[in-house]
Amino acid sequence: MKYFSISLGILAVSISVFASLSSEPFKYKYEITANSNHAEDLYKLYDYKEKLIDIYDEQFLLLNEKEREKKLVSDIELFNIDDTCRSYYASGTIVILVGDASGMTISGDLRKDSCDETVIRTKIILFDIFR
């Protein structure tokens with residue numbers, strides 16, 4: 001019984017240490033990694049970015065900080081934009097991996113609240129020209 005209590009105590013401490021290491025506050029950042037570096041996958045990367053921003057603005061932007069982070073952790077699958085996406089929340093960042101995730105990675109910032117005027121929808125004109 002004594003060993004069981006000690007083991008249980010060590011397990012509880014280990015879980016709390018792991019939870020504190022893995023739970024950084026939300027940094028209002030995202031990362032999306034393309035399936036490959038083929039032109040078609042890179043074009044899609046920017047579509048995924050736009051959809052991620054739309055989902056964030058609709059579902060999370062109007063929440064207070066604590067509610068936002070709690071919802072991000074519990075509802076991260078909302079960022080699975082299609083059946084090729086895998087999303088997760090790590091180090092305070094929303095991460096989306098598309099397909100094999102062996103292509104280019106883009107990252108950016110998200111707005112902290114509805115009054116935040118940070119430019120988040122930057123575009124690369126070259127992609128629009130050749131589309």
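**Salt bridges and a strand pair in a predicted model**

Six salt bridges are counted, a salt bridge being a side-chain nitrogen of Lys or Arg within 4 Å of a carboxyl oxygen of Asp or Glu. This is a predicted model in which local features need pLDDT of at least 70, side-chain atom pairs count only at pLDDT 80 or more, and totals for chains, interfaces and linings use all residues. Residues are numbered from 1 along each chain as its sequence is written, and side-chain values use heavy atoms, with hydrogens and water left out.

Q: Which residue meets Glu24 in a salt bridge?
A: Side chains of opposite charge can pair when their charged atoms come close. Glu24 is partly exposed at 28% relative accessibility, where buried means under 20% relative accessible area, exposed over 50%, and partly exposed in between (1.4 Å probe, protein chains only). At 3.0 Å, N to O, the partner is Lys27.

Q: Is Lys49 buried or exposed?
A: The side chain of Lys49 forms a salt bridge with Glu50 at 3.9 Å, N to O. The relative accessibility of Lys49 is 3%, so Lys49 counts as buried.

Q: What is the N to O distance between the side chains of Lys71 and Asp75?
A: Asp75 is partly exposed, with a relative accessible area of 22%. The side chains of Lys71 and Asp75 meet in a salt bridge, N to O, at 3.1 Å.

Q: Which residue of strand 4 stands opposite Ile32?
A: Strands are DSSP runs (E, at least two residues), numbered from the N terminus, and two of them pair if DSSP finds at least two bridges between them. Strand 1 (residues 29–33) and strand 4 run antiparallel, joined by five bridges. The covered face of strand 4 (residues 105–109) holds Ile106 and Gly108. Opposite Ile32 stands Ile106.

How values were computed: Helices (H or I, at least four residues) and strands (E, at least two) are DSSP runs, numbered from the N terminus.
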